[in-house]
Amino acid sequence: MSELIESLDRVRERMAAAAARSGRAAESVELVAVSKTHPAGVVRELAGAGQRVFGESKVQELLVKAPDLPSSIRWHFIGHLQRNKVRRLLPWVEAIHSVDSLALAEDIDRMAAEEGRRVDVFLQVNVADDAAKFGFSRESVRRDLDSLMSLSRVSVVGLMTIPALVDDPEKNRPAFVALRRLRDDLEVAAGVPLPGLSMGMSDDFEWAIEEGSTHVRVGSALFGRRRPVIRSKAEPD
Ligand SMILES: *Cc1c(COP(=O)(O)O)cnc(C)c1O
């Protein structure tokens with residue numbers, strides 16, 4: 001068995017164990033395999049082993065990789081999204097985890113309407129109120145929620161967060177708890193279900209699952225260290 005497939009099995013086992021510790025079925029947590037900086041070949045290998053959902057954080061990189069890969073792959077966009085790139089991204093993605101403003105959601109809604117489709121989105125919330133990061137604040141997500149829920153082509157499925165970089169990954173647990181509590185509050189306030197919680201990365205996904213994560217975004221624990229960024233089609237895999 002290749003090292004990559006062994007890593008996939010190991011991550012899946014750790015996910016299942018964390019889900020079991022929180023009394024949930026393994027299937028209640030989706031693994032988003034974050035393939036950024038890694039070539040299409042490794043994505044193909046993982047897809048061949050049954051992995052279906054892959055995450056990319058740069059539009060250009062996704063547009064280079066996705067066309068050559070099996071159409072059974074479901075792409076999730078997880079990086080900061082500039083409004084002028086929505087149109088090019090949309091045909092390729094099932095979900096966007098990083099919607100960080102009402103204006104961006106409205107752009108996605110308008111372009112999805114032009115394409116006659118819907119797209120799932122997570123609202124990225126900066127629960128630590130870290131000034132350097134993208135995302136809604138707790139206040140702005142509360143304020144904009146009704147407008148966001150009224151969009152007809154955008155399905156708000158839940159919340160996403162990227163905690164601060166910390167020396168000890170267990171220190172991220174409070175951010176995961178905060179995101180879950182905010183989600184619970186918003187569900188009551190808006191009277192709508194927000195089942196999705198996109199939280200947890202390679203170093204902390206087990207804690208995130210214990211705190212209710214439904215989507216873990218895992219890169220380096222699967223693929224190893226990130227490679228230099230792929231910039232164009234001309235560059236070899
Ligand atoms: C790169 C990235 C990940 C994966 O990070 P790892 O630590 O390699 O698992 C998850 N989420 C986002 C938004 C990312 O940009």
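Axes are lines fitted to C-alpha atoms, for helices over the stretch in contact, and angles run from 0 to 180 degrees between N-to-C directions. With that in hand, two helix pairs can be described. The model is predicted.

**Helices H6 and H7**

Start with helix H6, residues 138–149, and helix H7, residues 173–190. They pack at an angle of about 25°, and their axes are 11 Å apart. Angles under 35 degrees count as roughly parallel, so H6 is roughly parallel to H7. Their crossing is right-handed.

Which residues make the contact? From H6 come Arg 138, Val 141, Arg 142 and Leu 145. From H7 come Ala 178, Leu 182, Asp 185, Leu 186 and Ala 190. Sorted by class, this contact has six nonpolar residues, three charged residues and no polar ones.

**Helices H1 and H2**

Now take helix H1, residues 3–21, and helix H2, residues 40–48. Here the packing angle is about 55°, and the axes are 10 Å apart. H1 and H2 are therefore oblique to each other. The crossing of H1 and H2 is right-handed.

On the H1 side, the contact uses Leu 4, Ile 5 and Leu 8. On the H2 side, Val 42, Glu 45 and Leu 46 meet them. By class, the H1 contact with H2 has five nonpolar residues, one charged residue and no polar ones.

**The ligand**

What surrounds the ligand? Val 34, Lys 36, Ile 78 and Ile 162 are among the residues around it. Met 201, Ser 202, Arg 217 and Val 218 are also included.

How values were computed:
Residues numbered from 1 in each chain as written. Predicted model: local features only at pLDDT ≥ 70, side-chain atom pairs only at ≥ 80, totals over all residues. Heavy atoms only, no water. Helix = DSSP H or I, 4+ residues; strand = E, 2+ residues; numbered from the N terminus. Parallel < 35°, antiparallel > 145°, perpendicular 65-115°, else oblique. Left-handed = near helix turned anticlockwise from the far one by under 90°. Contact = heavy atoms within 4.5 Å. Nonpolar A, V, L, I, M, F, W, Y, C, P; charged D, E, K, R; others polar. Near = heavy atom within 4 Å.
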